[in-house]
Amino acid sequence: MEAFTRAVRKDCLKMIHNAKSGHPGGACSCVDILAVLYKKVLNVPLEWDKAVDFNQRDRFILSKGHASTALYATLAHCGYFSKDLLSGFRKLGSKLQGHPSSRTKLPGIEVSTGSLGQGLSIGVGIALALRLDKINSKVFVLMGDGEMQEGSVWESLMNANAKKLENLVVIIDRNNLQIDGLVDDVKTLEPLDEKLRAFGFDVYEIDGHNFEQIESVCLEAKNSNRLTAIIANTIKGKGVSFMENNVSWHGKAPNDEELRKALEELDVK
Amino acid sequence: MLSKNQTVSSPRNCYGEKLVELGAKNPNIVVLDADLSCSTQTCRFAKAYPERFFNCGIAEQDMMTTAAGLAYGGKTVFVSTFAMFATARCLDQIRNTICYSKLNVKIVATHGGITVGEDGASHQALEDISFMRSIPDMKVIVPADCIEVSDVIEYAANTNGPMYIRIPRTNLKQIFDSETYNFNPVAGIKLTDGKDLTIVSNGETLFEVLEAAKMLNEVGIEADVLHYPVVKPFYHTVLKQSAMKTKKVVVVENHSIIGGLGSAVCESLSHYAPSKVCTIGIKDTFGQSGEQRQLMEFYGLTDKKIYEKIIKFMDVR
């Protein structure tokens, strides 16, 4: 798992460097969560779209669409599509759009995201459809903490509880930073756990870089029949010393030298 | 094609009834509303199929993306609220989730246009068609009577992809003959034949236009009246043929003159058949409270006002 996430982080940074734009900070903060989800938790067939039991798959929505590189690299390293495609990230005609697009038919991408605050609500809709069809799959939605400032998120949380959804799991990548600074300074979410509980969720708080914790809590949520929210405490830019907890790396590409240093660090670890 | 009798009926009731009928045939249809189910008449579906109806409360943005999720889950989704809130408030959700992912969501918005009446400007959607028309892959349909509402809803249920269907609050006089009229999703329709002028309309102004055309006839002006329920995609042929003959085109709509049917007609004509055009609609302004008929009169959308405007326009060289 350690080696896997190191390789994914390296590819995220290479993709962003190659595209000369992208979002390294929020990608690196959720790499470990994605790795555990795709390798240990989600039932998502590799033969995307063609599997016999395709409808039975778990659904994953990356609501924080700007972390697209983390999802793309994870999917490629898991074998959903060729790693060769990664170099096309953000390039004209590529299936790897700046933010995930379902239009490009990239295996593994369920729906388009990018405009913040919509993924959870999409997840609620999918969960309702699965329940109507009596399909026992789970819907996992990964959100950013800054994203939770969008009012529509709270409409969705309210609706998930009102509709008594038992098949929805919300994971919050709580890296505490957003473009303009600390989430706490811009517009605090605190007390987030109490708010989520008040909205009817079972709330778990974990270290979002601890593989064992991520796995055990996500599996517990997957097997639970209650609405679950997982607050994953993470570090923005995790894995690269000069990017960690540094908000200036929210949406900036590393130059040649910065990339070299970053890859070197990731190799040593 | 045109009906002899002019019974008046509610397009919202007609929508609600049709949903119930379609829901019986197709278990895949689900319906969402945002606390206006009695106004939009989706309450009929809610009563018939409670497990397939989702009231999302007063939270339209969440409703739109929830609708998107249900559609992604394989459902045929009808989502209703007032046109004002369905479009302006949820534009991002409709663009970035429903249309960008090309999902099977039918937004059936009631209370479109100035004829919302007494509630005033905050509830009068005069820009909704403009908003919806500008989004890629969104189909925009504005039916003109209850016969057509029924046809359009059935067409929507059987056609994949995002769609915006606008119906008014007001009762509508019957225009079409239920036996002989069939909604054509891929063309405008010529309802009367003339040589002097082309008049294009849809929605609740179509009836007024047909009456105005009769008045024009009495003073020797013969008009092609074209009905364009499908505003987007815009099907050029019928308009082009008519405009090449008459060289003068009037568009009448219960919407802002910016971005709606008038704009669609101008875009088409400038390309295929440059003509003099007069657009009759709400002129870049907010509406106000008033009785439905008073408002139609005030904003120049009654048969008589349309007639007067056209008489003036016919003098333009």
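In which helix is R9(A) found?

Mentor: The model is predicted, and what follows should be read accordingly. R9(A) belongs to helix α1 of chain A, which covers residues 2-19. The residue counts as buried because 28 C-beta neighbours lie inside 10 Å, where 20 or more are required. When residues up to four places away in sequence are left out, R9(A) touches C28(A), V31(A), G239(A) and L266(A). P24(A) is 15 residues apart from R9(A) along the chain, and the two C-alpha atoms are separated by 8.9 Å.

From this residue one may turn to the nonpolar interior. As a general rule, nonpolar side chains in soluble globular proteins tend to be buried together. Here the largest nonpolar core comprises 177 residues, and A70(A), I230(A), A67(B) and I199(B) are those with the most contacts inside it. Helix α2 of chain A, residues 24-41, gives the most to this core, namely eleven residues. In chain B, domain 1 (8-173) and domain 2 (189-308) both give residues to the core, so it lies between them. I230(A) illustrates the packing: beyond its neighbours within four places in sequence, its contacts are V169(A), I171(A), I172(A), Y204(A), I206(A), V217(A), C218(A) and A221(A).

Chain A also holds two backbone features of note. In general, most residues other than glycine have a negative phi, and most peptide bonds are trans. The bond from E190(A) to P191(A) is cis, with omega near -5°; P191(A) sits in the loop between α6 (183-187) and α7 (192-198) of chain A. R90(A), which is not a glycine, has a positive phi of about 65°, and its place is the loop between α3 (68-78) and α4 of chain A.

Helix α6 of chain B, residues 91-99, has Q93(B), I94(B), N96(B), T97(B), I98(B) and C99(B) buried. These buried residues pack against α4 (119-132) of chain A, together with α4 (60-72) and β5 of chain B.

Seven strands form an open sheet in the order β3-β2-β4-β5-β7-β6-β12, with mixed pairing. At the edges stand β3 (53-55) and β12 (230-232) of chain B, each with a single partner strand, so one side of each has no neighbour in the sheet. On average, neighbouring strands of this sheet are turned by 20° against each other, direction ignored. Strand β2 (29-33) and strand β4 (76-82) of chain B run parallel and are joined by five bridges; in this pairing I29(B) stands opposite T76(B). Helix α1 of chain B, residues 11-25, packs on the sheet, touching β2, β4 and β5 (105-110) of chain B, and its direction makes about 145° with that of β2(B). β4(B) is mostly covered, since seven of its seven residues are buried. This strand also runs parallel to β5(B), to which six bridges join it, and A109(B) in β5(B) is the bridge partner of T81(B).

Finally, the domains of chain B meet one another. Their C-alpha centres lie 25 Å apart, and 27 residues of domain 1 are in contact with 29 residues of domain 2. The elements giving two or more residues to the domain 1 side are α7 (128-133), β6 (139-141), α8 (146-157) and β8 (172-173) of chain B. That side divides into 13 nonpolar, seven polar and seven charged residues. D137(B) lies in the loop between α7 and β6 of chain B; although not a glycine, D137(B) has a positive phi near 70°.

Conventions: Residues numbered from 1 in each chain as written. Chains lettered and ligands numbered in written order. Predicted model: local features only at pLDDT ≥ 70, side-chain atom pairs only at ≥ 80, totals over all residues. Domains from an automatic or database assignment. Contact = placed C-beta atoms within 7 Å. Helix = DSSP H or I, 4+ residues; strand = E, 2+ residues; numbered from the N terminus. Nonpolar A, V, L, I, M, F, W, Y, C, P; charged D, E, K, R; others polar. Pairing = 2+ DSSP bridges. Axes fitted to C-alpha atoms, helices over the stretch in contact; angles between N-to-C directions. Buried ≥ 20, exposed ≤ 12 C-beta atoms within 10 Å, placed from the backbone. Core = buried A, V, L, I, M, F, W, Y, C linked by C-beta atoms within 7 Å.
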